[in-house]
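Open the model in a viewer and keep the selection panel at hand. The stops below say what to select and what is there.

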Amino acid sequence: MSKVTIQAAREPRSSRILGIGGYRPSRVVTNAEIIEHIDSSDEWIRTRSGIESRRWASDEETVVSMSLAAAQKALADAGVQPEQVDCVIVSTVTHLYQTPSAAAEIAHKLGTNKAAAFDISAACAGFCYGLSLASDMVRAGTAGHVVVIGVERLSDLTDKTDRSTAFLFADGAGAAVVGPAAGPAEAGIGPVVWGSDGEHLDLIKQREDWRDALRNEIGPTMPHLVMQGNPVFRWASYEMAKVAQEALTAAGVTVDDLDVFVPHQANMRITDAMARTLKLPERVAIARDIATQGNTSAASIPLAIERMLETGEAQSGDLALIIGFGAGLVYAGQVIRIP
Ligand SMILES: CC(C)(COP(=O)(O)OP(=O)(O)OC[C@H]1O[C@@H](n2cnc3c(N)ncnc32)[C@H](O)[C@@H]1OP(=O)(O)O)[C@@H](O)C(=O)NCCC(=O)NCCS
C-alpha cells in the first residue's frame, strides 16, 4: 500500500458573492390573460398569491439564452472575465435536454476556458443549493470563480387550464458570481442549512414522465407540473421559518442584524407568514418580486436581489437572509452579503 500523502488543493479560504445579474423575458402575461383559460379572477389571484403579472418566455428565450444573458450581467457586475471562471453550475428543472447539460453549453458560449460545468435539479431551492456548492468549492480551493445560475421556463410544463398552477409559474434566469473573499472578516456566504423530505414527493411534481407524456391517449403532450397548493402553503409558511432561523443561528447573526430578507418568491402570503414568524424588524427590506414576476423557481432569489438593488431597497454590503424551498420537498437557506 502506497504511503504517499495526497496534497490538499489549497489552504481553506473564505467566499463571497461578487456579482448578480438577471434576465426577465420580454412578454408580460397579465392575470386577465390567465383567466381566459381557468375559472378564476384577477382579484382572487392577487389576494391569494400576490401576483399581478408574470413573464413567459418566447421560443427564442431558451434556458440557455436566458442563462447567458443573466450570467453576462453577473460577470460584468462582478468585474470578472469569462476566462477567470472555473465552474458553471446551472440549477433548472426545465432544460428539455436530459444531456448534454445546459451548463456545458453556457460555459462554452460565455467564453470560459473549458470551465467545469454541470446542472443540478433542486427545484425552487436550486439557487441556494448551487450557491452552497459554489461557496464550498471556492473555500476548498477547487475553483477560483464559480458562476451559479437559476433558470426556468416553467410555462413549458404548466397546464394553462389547471387553476391550481396556471397563475403561479413563470420564466426567467438569475445568476451570481462566487469568488474568494479577502479574508475571514470579508466572508459573504454563511453556512447552508438544507435538507429534503421525500415523504412529500407528491405535493409538487411532474404529473407524468416523458414516456407517458408521449404515449398520452390524446396524442403526445408535454409533461405537466401538478401541485397540492394548500399543504405546500402550510409547510412553507411554518416549517421554512424554522429553517430560516437555523440559517441565522449557523451564521452567528440574529434578525436584528439583517438588512434584507429574500425568500423564494413562491407566494406573497408565504413571505408575509415567514416574516411574521421570524419577527423581522420593520426596517428589514423584504423581497416582493413575485408581484410582477410570478414564481420562477430556481431563478426567483437572484432575480429578486437584482430588483432590490435596482430599486435601492437593498445596498451593496447589506446582510441578507435567503431561503429556497420546493418540489421534493427540498430546502436550503443561508445568510449572505449583498454584492
Ligand atoms: C395555490 C395557492 C395560491 C392556493 O391558495 P389557497 O389559499 O391555498 O387556496 P385553496 O386551495 O385552499 O382553495 C381555496 C378556495 O379557492 C378556490 N380556488 C382554488 N384555485 C383557484 C383559482 N385559481 N381561482 C379561484 N379560486 C380558486 C378553491 O376551489 C377553494 O374554494 P372553496 O373555498 O369554495 O372550496 C396556495 O395554496 C399556494 O400558494 N400554495 C403554495 C404554492 C407554492 O408556493 N408552490 C411552489 C412552492 S415552490
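For this tour, a salt bridge is a side-chain nitrogen of Lys or Arg within 4 Å of a carboxyl oxygen of Asp or Glu. The model is a predicted one.

**Stop 1: a network of charges**

Select Arg24, Lys73, Asp289, Glu306 and Arg307, which salt bridges link in a network. By the rule above, the count comes to 14 salt bridges.

Begin with Glu306 and Lys73, whose side chains meet in a salt bridge at 2.8 Å, N to O. Glu306 is in helix 10 and Lys73 is in helix 3 (residues 63–78); the pair links distant parts of the chain, 233 residues apart. Is Glu306 buried or exposed? With a relative accessibility of 7%, Glu306 counts as buried.

Now move to Asp289, which forms a salt bridge with Arg307, with the closest N and O atoms 2.7 Å apart. Asp289 lies in the loop between strand 12 (285–286) and helix 9, while Arg307 lies in helix 10, so this pair ties together parts that are 18 residues apart in sequence. Asp289 counts as buried at 6% relative accessibility, and Arg307 is partly exposed with a relative accessible area of 24%.

Another pair to display is Lys205 and Asp202, whose side chains meet in a salt bridge of 3.3 Å, N to O. Lys205 is partly exposed, with a relative accessible area of 32%. Asp202 also counts as partly exposed, at 47% relative accessibility.

**Stop 2**

Select Ser300, found in helix 10 (residues 300–311). Ser300 is buried, with a relative accessible area of 2%. Which backbone atom does the side chain of Ser300 reach? The side chain of Ser300 reaches the backbone nitrogen of Gln265 at 3.0 Å. Leaving aside neighbours within four places in sequence, Ser300 is in contact with His264 and Gln265.

**Stop 3: a buried arginine**

Go to Arg54, in strand 3 (residues 53–56). Arg54 is buried yet has no salt bridge; Asp42, the nearest side chain of opposite charge, is 7.3 Å away. What does the side chain of Arg54 reach instead? There is a polar contact of 2.8 Å between the side chains of Arg54 and Asn31. The side chain of Arg54 also reaches the backbone oxygen of Phe167, at 2.8 Å.

**Stop 4: an arginine before strand 1**

Select Arg13, in the segment before strand 1 (15–23). Arg13 is partly exposed, with a relative accessible area of 23%. Show what surrounds Arg13: not counting residues up to four places away in sequence, Arg13 touches Val138, Arg139, Gly141, Ala143, Gly144 and Pro180. The side chain of Arg13 reaches the backbone oxygen of Val138 at 2.8 Å. To set up the last stop, draw a distance from Arg13 to Phe325: their C-alpha atoms are separated by 28 Å, and the two residues are 312 residues apart along the chain.

**Stop 5**

Colour the protein chain by its division into domain 1 (15–186) and domain 2 (193–337). The centres of the two domains, taken over C-alpha atoms, are separated by 14 Å. The contact takes 49 residues from domain 1 and 45 residues from domain 2.

Next, find the largest nonpolar core, which has 49 residues. Those with the most contacts inside this core are Ile34, Met240, Phe261, Leu280, Leu321, Ile323 and Phe325. Elements that give two or more residues to this core include helix 7 (229–251), helix 8 (268–278), strand 13 (319–326) and strand 14 (330–337). Helix 7 gives the most, with nine residues. Domain 1 and domain 2 both give residues to this core, so the core lies between them.

Centre the view on Met240. Not counting residues up to four places away in sequence, Met240 touches Trp235, Met274, Ile323, Phe325 and Tyr331. Apart from this core lies another core, of 35 residues, among them Ile20, Phe127, Ala304 and Val330.

Notes: Residues are numbered from 1 along each chain as its sequence is written. This is a predicted model: local features need pLDDT of at least 70, side-chain atom pairs count only at pLDDT 80 or more; totals for chains, interfaces and linings use all residues. Side-chain values use heavy atoms; hydrogens and water are left out. Helices (H or I, at least four residues) and strands (E, at least two) are DSSP runs, numbered from the N terminus. Buried means under 20% relative accessible area, exposed over 50%, partly exposed in between (1.4 Å probe, protein chains only). Lys and Arg count as positive and Asp and Glu as negative; His and the chain ends are not counted. A polar contact is a pair of N or O atoms within 3.5 Å; within protein, one must be able to donate a hydrogen and the other to accept it, and residues adjacent in sequence count only if both atoms are side-chain atoms. A nonpolar core is a set of buried Ala, Val, Leu, Ile, Met, Phe, Trp, Tyr and Cys residues joined through side-chain atoms within 4.5 Å. Domain bounds come from an automatic or database domain assignment. Contact means heavy atoms within 4.5 Å.
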